[in-house]
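Subject: Structure handover, pockets and cavities

Hello,

Here is the structure I said I would pass on. My notes on it follow below.

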Amino acid sequence: MWNPFRSLFGGVSYLGVDIGTTSIKVVEISRRGGKPSLINYGVLESYGHLERPNNAIQTSTLKMLDNETVELLKMLLAQLKTRSKNVVASLPAFSAFVTLLEFPSMPDAEMAKAMQFQARQYIPLPISEVTLDWIKVGERHDDQGVVKQQVLLISVPNDQIAKYKNIFRAAGLNLIALEIESLSAARVLMADDPTPTAIVDIGARSTNIAVVDKGNLKMNAQTDFAGGSLTQAVASGLNISNRRAEELKKRQGLLGTGGESELSTIMLPFVDAILQEVRRAKSTYEREYHGTIERIMTTGGGANLLGLEKYAEGQLGVPVVKGASFAKIGYPSSLEPIIPTIGPVFTVALGLGVRQFAQ
Ligand SMILES: Nc1ncnc2c1ncn2[C@@H]1O[C@H](COP(=O)(O)OP(=O)(O)OP(=O)(O)O)[C@@H](O)[C@H]1O
Ligand SMILES: [Mg+2]
């Protein structure tokens, strides 16, 4: 039978496309040697944001630069010579409302009705303007010993979904699925690991905190303190350009002693602001959902900040590790030396790319 998803050169492959605030990341994933494997990848960074902080690809308002995104995406795919037209893409966490609800056990059909009803209380938009999705994410015995079904309610404004559909259609691609980025990150970083973990994705403009327990996403939180805040602090603190500050930050991170400790002194208040948000998310989760977060896992480009895990562990008093995005994903051996650095940057794109293989 003709399979439209089968490319001319071998097996089925999918594109994972992560449109961030300052970059577009693409991976192409195919099955190789019995596991999903990276066959192509690339990132297009809009350096504009370093010169003009307001020039973002994606902004949290709905005034998106759609046409520019389409052009950038087409350019990137042409450069990479990707084969597949089939895309799984992420919705930035700030575009969705994610709420954990608890229900007494009931059949799915009833649950769907209850959800529509309950959703109204939690969503700051009319229900007709959002698309709802819900995932069963576990059970809990409440104080009276009654079993409660935990359900994650995800709602995304319809115009946000329409925007994504338009972008991919205009780029000549076939959008198979859209998911919030926390789900993609959790798929890649947690796999079968049951440890209750807060995944801290430090991007350029925002940090997303996703609490995952037994592989299930339970809570999502965000802050605007992120990698860009550190760059801007360095630029104004040392009175240098953002571009230069970015280089310095990447080279030295929080390391450096004596005369070189100035950089970390400038950045630490902003790192602390990110950690404060992690602390807040952790205590909210532990108070409201009666679980204990046993580990913090960093990802996103900001996770490459040298010395971050050690500092964060000291501040938070919980083990902090950098997520291993390629633990379950194959890649060409020539990439070995750069895997630890590109891993955090491509976490979400990888999660999107392997989605169809994981099902
Ligand atoms: N080696 C490094 N050391 C410190 N920071 C780094 C390093 N490499 C990248 N970063 C930072 O990571 C950030 C970009 O991360 P990422 O690519 O995950 O962001 P994004 O997904 O485009 O943004 P967002 O998630 O906010 O939409 C930038 O602030 C960049 O300076
Ligand atoms: Mg990101």
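In the classes used here, Ala, Val, Leu, Ile, Met, Phe, Trp, Tyr, Cys and Pro count as nonpolar, Asp, Glu, Lys and Arg as charged, and the others, Gly among them, as polar. Please keep in mind that this is a predicted model.

On that basis, the lining of the second largest pocket has 19 nonpolar, three polar and six charged residues. The pocket holds about 660 Å³ of space. Of its 28 lining residues, Ile 135, Glu 179, Leu 183, Arg 187 and Arg 355 lie nearest the centre. Strand β6 contributes the most to this lining, with five residues.

The whole structure has two cavities of 30 Å³ or more. The volume of the largest cavity is about 100 Å³, and its lining comprises 13 nonpolar, two polar and no charged residues. Val 200, Ile 202, Ile 274, Leu 275 and Leu 308 lie nearest its centre. Helix α8 (262–289) supplies the largest share of that lining, four residues.

The second largest cavity comes to about 40 Å³. Its lining consists of Glu 181, Ser 182, Ala 185, Ile 199, Asp 201, Asn 208 and Ala 210, with α5 giving the most, three residues.

One of these, Asp 201, belongs to strand β9 (residues 197–202). Asp 201 is buried but has no salt bridge; Lys 25, the nearest side chain of opposite charge, is 7.0 Å away. Beyond its neighbours within four places in sequence, Asp 201 contacts Ser 206, Thr 207, Asn 208, Thr 299, Gly 300 and Val 348.

Regards

Methods:
Residues numbered from 1 in each chain as written. Chains lettered and ligands numbered in written order. Predicted model: local features only at pLDDT ≥ 70, side-chain atom pairs only at ≥ 80, totals over all residues. Heavy atoms only, no water. Helix = DSSP H or I, 4+ residues; strand = E, 2+ residues; numbered from the N terminus. Buried < 20%, exposed > 50% of the residue type's maximum accessible area, 1.4 Å probe, protein only. Lys, Arg positive; Asp, Glu negative; His and termini not counted. Salt bridge = Lys/Arg side-chain N within 4 Å of Asp/Glu carboxyl O. Contact = heavy atoms within 4.5 Å. 1 Å grid on protein atoms, 1.4 Å probe; cavity = no way out; pocket = protein on both sides within 12 Å on 5 of 7 lines; lining within 4 Å. Points joined across faces, edges and corners; volume = space filled by probe spheres on them.
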